[in-house]
Amino acid sequence: MYQVEASKALLKPKLWARRSARLNVPRNVVMLGMVSMLTDVSSEMVATILPLYLVFSLGASPLALGAIDGTYRGAAALVQVISGFAADRWRRPKQVAEAGYGISAVGKVALVAAGNTIGGIGAIVAFDRIGKGIRTAPRDALISLSSSKAGLATAFGVHRAMDSAGAMLGPLIAFGILLAAPARFDAVFVVSTLFAVLGVAVLVLAVQGRPKRAPRVDDGTPPPSLRAALGLIRDRRVVVLLLAAAVLSLTSVSDAMLYVGLQRKIDFEPAVFPLLYVITAVAFMGLAIPVGQLADRVGRVPVLLCGYALLFVVYGALLMSSLGYGLLVLCLLGLGGYFAATEGVFAALAGAILPEELQASGLGMLTTVISIGNLISSVAFGALWLTLGLRGAVLVFAVALALAIAAAVPLLLRSQQAPVHG
Amino acid sequence: MGSRNGKILAAIVVLCVLGAGAYIAYAALGPSETTTDTRPEAKAVLADSDVMVRAVDPDNPQLNGRVFEVDDGKVHHDGDLACERVYYAAGHGICMAIAPSGVDYEAKIFGPKMETEHTIRLTGLPSRARVSEDGRYGAMTVFVSGDSYLESSTAFSTRTYIVEMTSGRAIAQLEQFGVEKDGKPFDAVDFNFWGVTFDPKDSDRFFATLGSGDQHYLVEGSIKDREVKVLRDGIECPSLSPDGKWIAYKSRIGQSNRWHLRVLDVATLEDHAVAEERSIDDQAEWLDNETLAYSDGHNVYTVPADGSGEPELLVRDAASPVRLSDAS
C-alpha cells in the first residue's frame, strides 16, 4: 500500500508545478506550497516514527506522547492570532513566517542532538506546534497577497494540495529509510532536519516578501495599530464570515472521530484502518486544485456549502445500521471532497474581503475561530457519544450541521457583498 | 528570485541531498554486529517451571526479539522467530513482529516446533499477546497511531483482536463488542481495549482493560456473546493466576504513565501491592499460583504474588516472559 502511494505521490508535485503555468498560479504560491511540502515531509517523518522510537529505543508507552501533543494544540491556536497581527504590524509577513518555520527546524536539530529522553521529545513536539502556530497566518497572508482576487481559491487549493502531498510523502520517506537502515532512527531525524532546512531555505531565498497585492510601505501611512486589527471585528463583512466559520466548525466532527465511527460500522478487518486516512488524504490532494478552480469560476460560497453538504452525507452514512466497503470508500471520498471544498476556500473567502494591510491578522482570526470551533465540537461529540450513544450523537450533529448550513447561507453571501459605505 | 538566490538555493539543495544520501548510506552500511554471544542469561529459574522469553538487545538487530527457552537455568535458542511480543500455550503461539517488509507488523501464529502456521497483518505497534490455556483462542493488542495526514494530530489508540488459533483468523475485535456498565449499555468515542487474559478453565471467558478518558476499567467478557461487563476502575493489563483466583495488574500512579504491580482477589475484589517498587509497564505472567514474572523492558524479574519477599532477577536481557507448562 505504501509503495503504491510512494510512486504516485512522488509524481504529483512535479505535475502540479508544470501545470501551474497553465493554471496561472503565481510562482510565489507554488514556492510557498513547496515550503509547506518540505516542512510537512520533515514533520510527518518524525511523527510517523516517534511511536516506534519511543517504544523500541526509550521503552516508553506511545500513550505518553498523546498527552504531550494534546497539551500544545490549544496553545498553538492562540499563537496564530498574535503572529498574524505581528506580521501586519511590522509589515513583514515573510519574516514572521520564517521565524515559525525556523523554530520547527531548530526543534528537529534538537531532536538529533538530545532526542533520547521523554522530556526532550515533549519539548521538541511543543516547538513544532508553536512554530506551526506562528507560521500559519503570515503564510496564508502571503498566499493571498500573491494572488489576484479572482484566483484566490485556486491559489489556496494549490497550496493545500502540495501541503498534503508532503504529509503523505513524509511517512513513506521515513519508512524507506528504516527499510534501508533498520532501527537507525538517527538517520530519520537527520534527513528530517535536512528537509526542514530546505523548507526554510526555499522560503528565505525563493519566496517574495512583498508580493503584488502587499501594501506599500513607503507611502507614509503608519503601520496598522492593534486597534485597527481589533476593528476588523467591527467590519460587518468580516464578522459575518467569522460567525459562519464558527457555526460551521462547531457542528463539524473531526475526521479522526468519524473514522472511529465508520470503523464501528464495518467488519473488523485489521488492515483497513490506516487505509481510511490514506484514501481521504489522496482524495483531498487530488481534489483541492480542481475544486479551488471551480470555486473561483462558479462562486466560493456555493462550493463551500457543497463541502459541508458532503460532510452531512457522511453523517447520514454513520446513521445506517451497517456499511459495506463500497459505501465506506464513497464516504471517504466524500470526506476528502469536504476538506478540498472547505479548507482552502474558507481562506479564499477571507482573503477576498480583508484589507491588504490586515490580511495576516484576519486570516489568523479565521483559523483560530475554526480550530477552537473544531476543538469544542470534538469534546461535545465525545460527550454526546457517551450519553446518547454513537447514533444519538450523530443525529444531534446532523441536525445541528443542517441548521448551521442554513444559517451560514445568508452570512456567507453577505460577507462577499461589496462593502457598504457610510 | 534573483539568479544569485537561485544559485545559493541550488547549492543548498545539492548539499542537503548529498548529506542525506551520505548519512543514510553510512547508517545502512555501518557496522552491524552479527554475533549472538550476548544471548539472554538466566539466573535462578524456578524448578517446576520453564519460561519462554524474547531477547532484548536494541543495538543488535540480529539478536533483538529472538525467542529463547529457559529450562533449568539453561538457555536454548529455538528456531528463527524474532518477536516484539510472544506468548505460547498448549502447542499454539503468537509472535507479534515486524513484517519482512520492515515497515509493517504481522502476527505469526506458530506451532509446537516454533514453525509459522498462519500470518495476520497488524495495523500498529505490537503491545500485548495472550493465548488461552487450552490453546483455542489468542488475543493481541496493538497501538494504532491515529495520526491523521490532514491535521497531523498524534493521537493514539489501541485495538484488540481475538484470534482462533487453529485457523489463524481474527474472529473478533473487542472494540466492536457491546459494553455494559451498572446494568446499562455503555459507549464512548474513545473506547480502547487492551491486555486480555483468558480464564484458565473456560477459554470463552476473558478479562481485559477498557480505557475511556481517565478511567481504566477491568471488564469481564464472553467471546461467543460478543459482550463485556465493567467490573471496577483502576486496573490495567490484568493477568489471571493459573487457579483463576487472583488477577495481577498494573495500577496507574496518579495520571502519569507510571504503574505499580498489584494483585487482586477475584472473589472479594480486594487488592494488595507486591514488593516491586519500580514502575512496570508489562502484563505480568504467573509462573505458578504464588509467583509473578514481568519485565522492566531490559530484564525479566520474579516477585512473590502475596506481597512478601523481594524482586529477583530471572533472565537478563529479556522480556515478554511466558510460563511453559511441563505438558507441552
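Two strands count as paired if DSSP finds at least two bridges between them. By that criterion, four strands of chain B form an open antiparallel sheet in the order 19-20-21-22. The model is predicted: local features need pLDDT of at least 70, side-chain atom pairs count only at pLDDT 80 or more, and totals for chains, interfaces and linings use all residues. Side-chain values use heavy atoms, with hydrogens and water left out.

- Strands (E, at least two residues) and helices (H or I, at least four) are DSSP runs, numbered from the N terminus.
- Strand 19 (236-240) and strand 22 (271-273) of chain B stand at the edges with a single partner strand each, so one side of each lacks a neighbour in the sheet.
- From one strand to the next, the twist averages 30°.
- Strand 21 (residues 259-265) of chain B runs antiparallel to strand 22 of chain B and is joined to strand 22 by three bridges; R262(B) stands opposite A273(B) there.

**Strand 13 of chain B and its partners**

- Strand 13 (residues 178-181) of chain B pairs in the parallel sense with strand 18 (residues 227-233) of chain B over three bridges, and V228(B) in strand 18 is the bridge partner of V179(B).
- Strand 13 of chain B is also joined by two bridges to strand 14 (residues 184-185) of chain B, and these run antiparallel; K181(B) has K184(B) as its bridge partner.
- Strands 13 and 14 of chain B form a hairpin with two residues between them, and D182(B) in the turn has a positive phi of about 50°.

**Nonpolar cores**

- A nonpolar core is a set of buried Ala, Val, Leu, Ile, Met, Phe, Trp, Tyr and Cys residues joined through side-chain atoms within 4.5 Å, where buried means under 20% relative accessible area (1.4 Å probe, protein chains only).
- The largest such core has 136 residues, and those with the most contacts inside it are Y308(A), Y315(A), F346(A), F381(A) and L412(A).
- Helix 14 (residues 359-415) of chain A gives the most to this core, with 17 residues.
- A second, separate core of 31 residues includes M52(B), M96(B), I109(B) and M114(B).

**Helix packing in chain A**

- Helix 9 (residues 236-250) and helix 13 (residues 325-353) of chain A pack at about 170°, with their axes 10 Å apart; axes are lines fitted to C-alpha atoms over the stretch in contact, and angles run from 0 to 180 degrees between N-to-C directions.
- These two helices of chain A are therefore roughly antiparallel (over 145 degrees).
- Contact means heavy atoms within 4.5 Å; beyond its neighbours within four places in sequence, F346(A) is in contact with residues including L241(A), L304(A), Y308(A) and L412(A).

Conventions
Residues numbered from 1 in each chain as written. Chains lettered and ligands numbered in written order. Buried < 20%, exposed > 50% of the residue type's maximum accessible area, 1.4 Å probe, protein only. Parallel < 35°, antiparallel > 145°, perpendicular 65-115°, else oblique.
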